[in-house]
Amino acid sequence: DVYEMLCKADSVGVFQVESRAQMATLPRLKPREFYDLVTEVAIIRPGPIQGGSVHPFIRRRNGDEKVPPMHPLVAKSLARTYGVPLFQEQIMQMAIDVAGLTASESDQLRQAMSSKRSTERMQRLRGKLYDGMAERGITGAVADEIYEKLTAFAHFGFPESHSISFAYLVYASAWLKWHYPAVFCAGLLNAQPMGFYSPQSLVADARRHGVQVRRPDINESAAKATLAAGASGKRAVRLGMTSVRTIGEPLAVRIAAGRPYASMADLVHRVGLSAAQAEALATAGAFDCFELSRREA
């Protein structure tokens, strides 16, 4: 299913999880439900990577490492991520739980921690934080450890709400790739430039997944990639004229609008191709409809 595909890092073209770093993490994290995608989005970012959060999280997630004991008031916000802070909301909740800060004060604390220009405000909130922890019996080394955890994380925290939104797009992209690979490939080709992969790589990946991708054809291709009937009732992808080098979108639109053409000469005269553009179309095999091989064309 979709999650099995992601566990194999079969994610070329899938939103957010197609980078090399994400592909290296997916088989280790082994996402099996939606919230796993939420954490996958959040954990492969400069902050968690530089802060050393990635490996402990994955080891604990897979049961290879025990979650260290946490103060009960800390566990409320960090339990769902195995004691590893990943989200800004967790830091804000932790400040509310351990020190009794209001939601507004916890957000002010987050903002102050993430800004070097807020020293005065940080000191005021630090005092309030320690006073609140003391009222709840948290003092000394435990209080210092909680404060250090808060400050260390505040510089790179990613909002959980953003991560959930991104994870929804991860799943939607992966669902399309799994169930409708031809549609997915055509959609990506028509949205270029985007992502990590070139159109050639996207086409190669689609073909590895059994999608028939047909070359551009003067009398069959639209300006952009389209769907066509393929073998065994499956959909195929017909590359558009814009996939040919030197053929920009305005010219591709003109070529598509003038179909059908009787010959290469008919196309050249009606559309006004340069020799270089005609040669590019010939090299791409776009004149096969005239029973011309690429070399003959």
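A residue counts as buried when its relative accessible area is under 20%. The model shown in these views is predicted.

**View 1. The loop residue F158.** F158 is part of the loop that links helix α10 (140–154) to helix α11. Its relative accessibility is 13%, so F158 counts as buried. L73 is 85 residues away from F158 along the chain, and the C-alpha atoms of these two residues are separated by 22 Å.

**View 2. E160 and its partners.** E160 belongs to helix α11. With a relative accessible area of 12%, E160 is buried. The side chain of E160 makes a polar contact of 2.6 Å with the side chain of Y35. A polar contact of 2.9 Å links the side chain of E160 to that of R80. Setting aside neighbours within four places in sequence, the residues in contact with E160 are Y35, R80, F87 and E89.

**View 3. Helix α3.** Is helix α3 mostly covered or mostly uncovered? Helix α3 is mostly covered, with eight of its 10 residues buried. The buried residues in α3 are D36, L37, V38, T39, E40, V41, A42 and I43. In an α-helix there are 3.6 residues a turn, so residues three or four places apart point the same way.

**View 4. The packing of α12 against α13.** Two packed helices are described by the angle between their axes and by the distance between those axes. Helix α12 covers residues 181–190 and helix α13 covers residues 199–208; they pack at an angle of about 180 degrees, and their axes are 10 Å apart. That angle makes α12 roughly antiparallel to α13, because angles over 145 degrees count as roughly antiparallel. On the α12 side, the residues that meet α13 are C185, L188 and L189. On the α13 side, they are P199, L202, V203 and A206. The residues of this contact of α12 with α13 comprise seven nonpolar, no polar and no charged.

**View 5. The largest nonpolar core.** The largest nonpolar core has 42 residues. Which of them touch the most other members? They are F57, L189, V213 and V237. Helices that each supply at least two residues of this core are α1 (2–7), α2 (20–29), α3 (34–43), α5 (54–61), α11 (160–179), α12 and α13. Helix α12 gives the largest share of this core, six residues.

**View 6. The surroundings of V237.** V237 is one of the core residues that touch the most other members. Not counting residues up to four places away in sequence, V237 touches A182, C185, A186, L189, V211, Q212, V213, R214, A225, T226 and L227. A second, separate core has 20 residues, including L251, V271, L281 and A284.

**View 7. Helix α16 and what covers it.** Helix α16 spans residues 275–283, and its buried residues are Q277, A278, A280, L281 and A282. Which helices are included in what covers these buried residues? Among the covering elements are α14 (249–257) and α15 (264–272).

**View 8. Two cis peptide bonds.** Q192 and P193 are joined by a cis peptide bond, with omega near 0 degrees. P193 sits in the loop between α12 and α13. The peptide bond from R259 to P260 is also cis, and its omega is about 0 degrees. P260 sits in the loop between α14 and α15.

View 9. A9 is not a glycine, yet its phi is positive, at about 60 degrees. The loop between α1 and α2 holds A9. Is A9 buried or exposed? A9 is buried, with a relative accessible area of 16%. Y82 is another residue other than glycine with a positive phi, near 60 degrees. The loop between α6 (72–78) and α7 (88–99) holds Y82. Y82 has a relative accessibility of 25%, so Y82 counts as partly exposed.

Terms used: Residues numbered from 1 in each chain as written. Predicted model: local features only at pLDDT ≥ 70, side-chain atom pairs only at ≥ 80, totals over all residues. Heavy atoms only, no water. Axes fitted to C-alpha atoms, helices over the stretch in contact; angles between N-to-C directions. Helix = DSSP H or I, 4+ residues; strand = E, 2+ residues; numbered from the N terminus. Parallel < 35°, antiparallel > 145°, perpendicular 65-115°, else oblique. Contact = heavy atoms within 4.5 Å. Nonpolar A, V, L, I, M, F, W, Y, C, P; charged D, E, K, R; others polar. Buried < 20%, exposed > 50% of the residue type's maximum accessible area, 1.4 Å probe, protein only. Core = buried A, V, L, I, M, F, W, Y, C linked by side-chain atoms within 4.5 Å. Polar contact = N/O pair within 3.5 Å; in protein donor to acceptor, adjacent residues only side chain to side chain.
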